[in-house]
Amino acid sequence: MLRSLVLGAVCAAAAALLLPSGVWRLLSRGLARWSGPEAASPHGRLFSKAELSRYSGGKGSPGLYLAVLGQVFDVRKGNKHYGPSGAYRFFAGRDASRAFVSGDFTDSGLVDDVSGLSPTEMLSLQDWLTFYKKEYIYKGRLAGTYYDHNGEPTQALIHAEQVTEQGRKLKAESDLENKQFPPCNSEWTSTKGGRVWCSTHSGGVERNWVGVPRKLYTAGSKNHRCACVRTEGPALNQPDSAHSRGDLDNPALREYPGCHSLSHFCAIVDE
C-alpha cells in the first residue's frame, strides 16, 4: 500500500507539471472529492442537518455525533451519556447549542439559535465548546446557522463570537473586582437568621488579609452584594496615598446596620 501511495504522489506531481493550470485545478478538486469528504477540507467534513441527524448512535446509525456552534464532534466514547439510553441523548445528531446554557431540553429548546443569550451565557457556551474540543474528536462543520454551504463562517457565528468576547471582558472586570472586594461567606438559618463574615479565603479568593463585611453597590443601581474590605494600607486605586484605611472609604460601600465597623462578622438585620 505504501508503494501505491508513493507512486500516486509521483504521478500527481508529474500531472501538475504537464497539465495546464486550469485543467489541473479541476482534476485536483475531483481527487479531493474522491478521497472522501473529510479529506476535501482542512476543516473536516461539511455536514448537512439531515446528514448529522443520522449520527444519533441508534441501531443502524453510522456513529454518534453532536454539534456545538456548528462544530461537529464524535462523542462515541461518551456513549453512556449521549447514546440512546444516555441522560443527554437528546444532544446527539444535532446542534442544540442553546440548551447547553438554557437547560431547556424540550423540542423548542433543543435548537442552535443562541440569539438573545447574554455575554455571560455565551461565555459559558464557549466553555462547553472548549470541553468538546479537548475531550472528543472534531469531525467537521455543520452547514446552516453558523457555516455556509462552503463551510465558511456566517454573520450569525461572527455575532456569537462578538457577544462571547463581551463575556470575556465582563469576566475580567468581575475577577478584578473580586480581587479587590472578595465575596463574603454567608449563611442563613430559620432560628438565627442570616450572617456574613470574612476570612483569608472567603469568596474563593486566597489572600493574606481578612477584611470586614460591607455592602458593595453596583453603580447606578440599588443592588448590592457582601464584600470583604481591606482595613489597612493605601486604597487599591491610590497606591501612593499616605492614608492607611485600605478600601474602607470607597464610595460604593455601605456598613451593615448594627455591626461594628471593624468586625469580621455581621448579623443581617431588617432595615
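1. A disulfide is taken here as a pair of cysteine sulfur atoms within 2.5 Å. The model is predicted, and a search of the whole structure finds three disulfides. With the bonded cysteines numbered in sequence order, the pairing reads 1-3, 2-4, 5-6.

2. Cys184 and Cys226 are joined with their sulfur atoms 2.0 Å apart. The link is left-handed, with -75 degrees about the S-S bond. Cys184 is buried at 13% relative accessibility, and Cys226 is buried with a relative accessible area of 13%.

3. Cys198 is bonded to Cys228, at an S to S distance of 2.2 Å. The torsion of -105 degrees about the S-S bond goes with a left-handed link. Cys198 sits in the loop between β6 (193-197) and β7 (212-217), while Cys228 belongs to strand β8, 30 residues apart. Both cysteines are buried.

4. The disulfide of Cys259 and Cys266 has an S to S distance of 1.9 Å. Its torsion about the S-S bond is about -70 degrees, so it is left-handed. Cys259 and Cys266 are both buried.

5. As to the chain as a whole, there are seven helices and ten strands. Of its 271 residues, 34% are buried. Among contacts between residues at least 6 apart in sequence, 52% join residues at least 24 apart. The accessible surface comes to about 16900 Å², with 55% belonging to carbon and sulfur atoms.

Notes
Residues numbered from 1 in each chain as written. Predicted model: local features only at pLDDT ≥ 70, side-chain atom pairs only at ≥ 80, totals over all residues. Heavy atoms only, no water. Helix = DSSP H or I, 4+ residues; strand = E, 2+ residues; numbered from the N terminus. Buried < 20%, exposed > 50% of the residue type's maximum accessible area, 1.4 Å probe, protein only. Contact = heavy atoms within 4.5 Å. Areas by Shrake-Rupley, 256 points an atom, 1.4 Å probe, with all protein chains shown as cover.
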